[in-house]
Amino acid sequence: SIMKGSLTLPHRLQDQVAIVTGGGAGIGQGIAKTLAGAGAKVAIWDLDTAASKETVHKIETLGGRAVAFQADVTKAESIADAVNQTVSELGEPQILVNNAGFSRDRSFLEMSQEDWDSVLNVCLTSVFLVSQAVVARMIPSSYGRIINIASRASLGERKKANYSAAKAGVLGLTRAMSIELAPQGITVNAVSPGLIRTDRVMNMPTYADIDRRAKEHTPIKRPGEVSDIADCVLFLASPETGFISGEDIRVTGGRYSS
Ligand code: NAD
């Protein structure tokens, strides 16, 4: 470990390279800022280039280092390109945050296969594809930290059969990967957010009601903030947490049920 036998600041990521998928907005943007603040060079992978450039601009303004790469995390070819560009511009990655996600709510009986496939692809298949591509670049150094953003909805939520199944799948995939990748020095953990006040959530017409319900149903009586998730991800991304793997940390204000 770094600087054995001396006092150190924990959770420092100086000179490490971190990839954050879906880092152009919301929780991903917050994670990218926090990892950059800890000293990592951050590759922002997003479909939406304008959004990821905005994240890069915010990080640079704060004195950090980040680069935007266009990537569709559901497509192996696009992922391979993003890996190559990331490695040539920033170096080999030590940290991967699988954050890109998407939901399309529909009652179970009205859910089409397109509703199902699109959410499973962005929320679950992407974690498999991106992790497989990035792990290949972690193995030579026998070190890696993978953090998968799941959701409290993995417990099962109304009108979210597709999303609930995808996020429950992320937890199974996290545990399976954690076992297979342990010999390579790579830990794999999940973070399951409850309701988080992102710009997207706050722009929903029902937000006022959501805010009130969060206060009603959450033991810690407030909705979550992006920084609540980002700080948990920083912990799991750190060299100090190498004995934690296959875990799911719920960041839900103490709320257990769906
Ligand atoms: P968001 O919609 O605000 O941002 C998601 C980002 O992912 C966007 O920039 C989007 O362009 C990008 N993206 C979407 N599809 C992509 C693809 N195929 N390839 C590359 N990039 C793609 O989302 P958010 O609310 O910040 O959520 C982030 C993660 O947290 C998701 O996995 C979501 O399921 C999870 N989550 C969010 C909440 C919440 O309350 N906001 C709660 C639980 C879990």
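These legends walk through several close-up views of one structure, which is a predicted model.

Local features are described where pLDDT is at least 70 and side-chain atom pairs count only at pLDDT 80 or more, while totals for chains, interfaces and linings use all residues. Residues are numbered from 1 along each chain as its sequence is written.

**View 1. Seven strands form an open, parallel sheet.** Welcome to the sheet, where the strand order is β3-β2-β1-β4-β5-β6-β7. Because β3 (65-70) and β7 stand at the edges with a single partner strand each, one side of each has no neighbour in the sheet. From one strand to the next, the twist averages 20 degrees. Strands here are DSSP E runs of at least two residues and helices are H or I runs of at least four, numbered from the N terminus; two strands pair if DSSP finds at least two bridges between them.

**View 2. β4 and β5 pair in the parallel sense over four bridges.** Look for Ile 95, whose bridge partner in β5 is Arg 145.

**View 3. Helix α5 (residues 161-181) lies across β5, β6 and β7.** This helix runs at about 165 degrees to β6. Angles run from 0 to 180 degrees between N-to-C directions, using axes fitted to C-alpha atoms, for helices over the stretch in contact.

**View 4. Ile 79 is found in helix α3 (residues 76-90).** Is Ile 79 buried or exposed? Ile 79 is buried, because 22 other C-beta atoms lie within 10 Å; the cut-offs are 20 or more for buried, 12 or fewer for exposed, and partly exposed in between, with C-beta atoms placed from the backbone. Not counting residues up to four places away in sequence, Ile 79 touches Ala 71, Val 73, Leu 129, Val 130 and Ala 133. Contact means C-beta atoms, placed from the backbone, within 7 Å. Ile 79 and Leu 129 are 50 residues apart in sequence, yet 7.8 Å apart in space, C-alpha to C-alpha.

**View 5. Helix α8 (residues 226-237) is mostly covered.** Nine of the twelve residues of α8 are buried, including Val 226, Ile 229 and Leu 236. The buried residues pack against β1 (17-21), α1 (26-37), β4 (95-98), β5 (144-149), β6 (186-193) and β7 (248-251).

**View 6. 28 residues surround the ligand.** The closest are Gly 22, Ala 25, Gly 26, Ile 27 and Gly 101; a residue is near if its C-beta atom, placed from the backbone, lies within 6 Å. The largest share of this shell, three residues, comes from α1.

How values were computed:
Two residues are in contact if their C-beta atoms, placed from the backbone, lie within 7 Å.
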